[in-house]
Amino acid sequence: MANSAPGGVRSFLQAVSTVTEETRTPLRVVQMEGLAVLKIIKHCEEFAPALVTGQLLGLDVGSVLEVTNCFPFPMREEDDEADADGANYQLEMMRCLREVNVDNNTIGWYQSCLLGSFQTVELIETFMNYQESIRRCVCIVYDPSRSSQGVLALKALKLTDSFMDLYRNNGLTGEKLREKKLSWVDIFEEIPIKVSNSALVSAFMKELEPESPVTQCDLDRLKLSTAPFMERNLEFLIGCMDDLSSEQNKFQYYNRNLSRQQSQQQAWLQKRRQENMARKAAGEEPLPEEDPSNPIFKPIPEPSRLEGYLVTNQISSYCNHINGVAGQNFDRLYLMKALHED
């Protein structure tokens with residue numbers, strides 16, 4: 001027993017160091033079970049255009065976050081009683097899943113969005129709440145409106161470490177952002193998604209493949225009418241431009257107040273220095289050159305850059321959507337032109 005103790009201690013320390021090393025491994029990919037993806041899509045499509053959320057369950061293994069299951073949150077009103085009912089619902093669901101031997105480790109949540117409009121302050125606050133108990137969590141965002149255009153609009157997002165540090169310390173000011181070299185593209189980090197299925201499910205799906213190579217669904221992809229989708233994107237883009245303009249007006253107002261305060265401070269200091277020169281000539285003690293009780297020395301709080309950064313992110317997302325749809329439309333037009341010429 002005495003000889004085996006050191007070996008047991010070494011193995012324990014090695015295990016602890018291995019776990020610590022794994023927790024420091026950056027997240028590289030989110031591996032989702034096909035069943036979990038279908039559950040998310042079904043839940044979001046059933047309640048569209050209403051926005052829904054749900055819980056992600058799975059395992060955190062090294063650089064891979066495995067999503068093996070999920071369950072939806074009930075739609076409810078926003079009040080304290082409903083929040084308590086929602087928390088009890090989650091605990092009850094976790095207990096039931098544990099009883100049937102299903103993965104019940106929370107690794108994040110999923111939510112639906114409309115035309116990619118998910119970059120909000122509420123999303124960041126939810127991330128920060130999850131980070132208190134789960135170090136590595138993700139948010140799966142599904143967009144039913146984009147998926148109707150033939151694209152699986154599924155994203156896995158997480159907050160960058162540098163942004164979370166600044167957000168915790170209320171450091172989203174111009175000086176702190178310049179010091180950390182943090183721009184609007186450094187808020188969210190998109191993690192690649194890999195959909196995996198068991199060998200049995202893959203074999204079953206192979207059996208379900210149709211023999212005919214061309215179906216009506218394939219021909220529907222050549223539909224040239226995407227005007228409603230483009231119009232909605234442009235409407236949302238114009239709204240974001242208005243929001244960005246209002247954010248810029250806030251900073252212009254702040255800069256004007258700051259310049260006015262600095263001018264008042266300089267005038268006050270000049271007057272105080274003249275008074276001190278007269279007091280010195282009269283043999284009296286000079287007065288201090290700063291007066292904290294004076295309102296002109298009260299610092300003006302700088303508005304947060306968070307809203308502006310989020311709006312800029314959203315504008316970039318809408319522009320990418322419009323660019324992608326326009327590119328697909330050109331491809332279809334050239335294809336239909338070639339078909340007509342033949």
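Glu247 lies in helix α10; helices (H or I, at least four residues) and strands (E, at least two) are DSSP runs, numbered from the N terminus. The model is predicted, so local features need pLDDT of at least 70 and side-chain atom pairs count only at pLDDT 80 or more, while totals for chains, interfaces and linings use all residues. Residues are numbered from 1 along each chain as its sequence is written, and side-chain values use heavy atoms, with hydrogens and water left out.

Glu247 counts as buried, at 10% relative accessibility. Buried means under 20% relative accessible area, exposed over 50%, and partly exposed in between (1.4 Å probe, protein chains only). Residues up to four places away in sequence aside, Glu247 touches Glu307 and Gly308; contact means heavy atoms within 4.5 Å. Glu307 lies in helix α11. Its relative accessible area is 35%, so Glu307 is partly exposed.

Glu307 also belongs to a negative surface patch, together with Glu122, Glu125, Asp242 and Asp243. Helices α4 (121-131) and α10 (227-281) each supply at least two residues of this patch. Patches are made of residues with over 30% relative accessible area and no salt bridge; like charges are joined within 9 Å, and nonpolar side chains (Val, Leu, Ile, Met, Phe, Trp, Tyr) within 5 Å. A salt bridge is a side-chain nitrogen of Lys or Arg within 4 Å of a carboxyl oxygen of Asp or Glu. Asp and Glu count as negative and Lys and Arg as positive; His and the chain ends are not counted. The place of a charge is taken as NZ of Lys, CZ of Arg, CG of Asp or CD of Glu.

A nonpolar surface patch is formed by Phe330, Leu333 and Tyr334. Together they have about 360 Å² of accessible area, from the Shrake-Rupley method with a 1.4 Å probe; for residues, only the protein chains shown count as cover. Leu333 sits in helix α11 (residues 306-341). This leucine, Leu333, is partly exposed at 45% relative accessibility.

Val102 is placed in the loop between α3 (80-99) and β4 (106-112). Its relative accessible area is 28%, so Val102 is partly exposed. Val102 touches Asn69 and Leu97, with residues up to four places away in sequence not counted. Val102 and Asn69 are 33 residues apart in sequence, yet 8.1 Å apart in space, C-alpha to C-alpha.

Overall, the protein chain has eleven helices and eight strands. Of its 342 residues, 33% count as buried.
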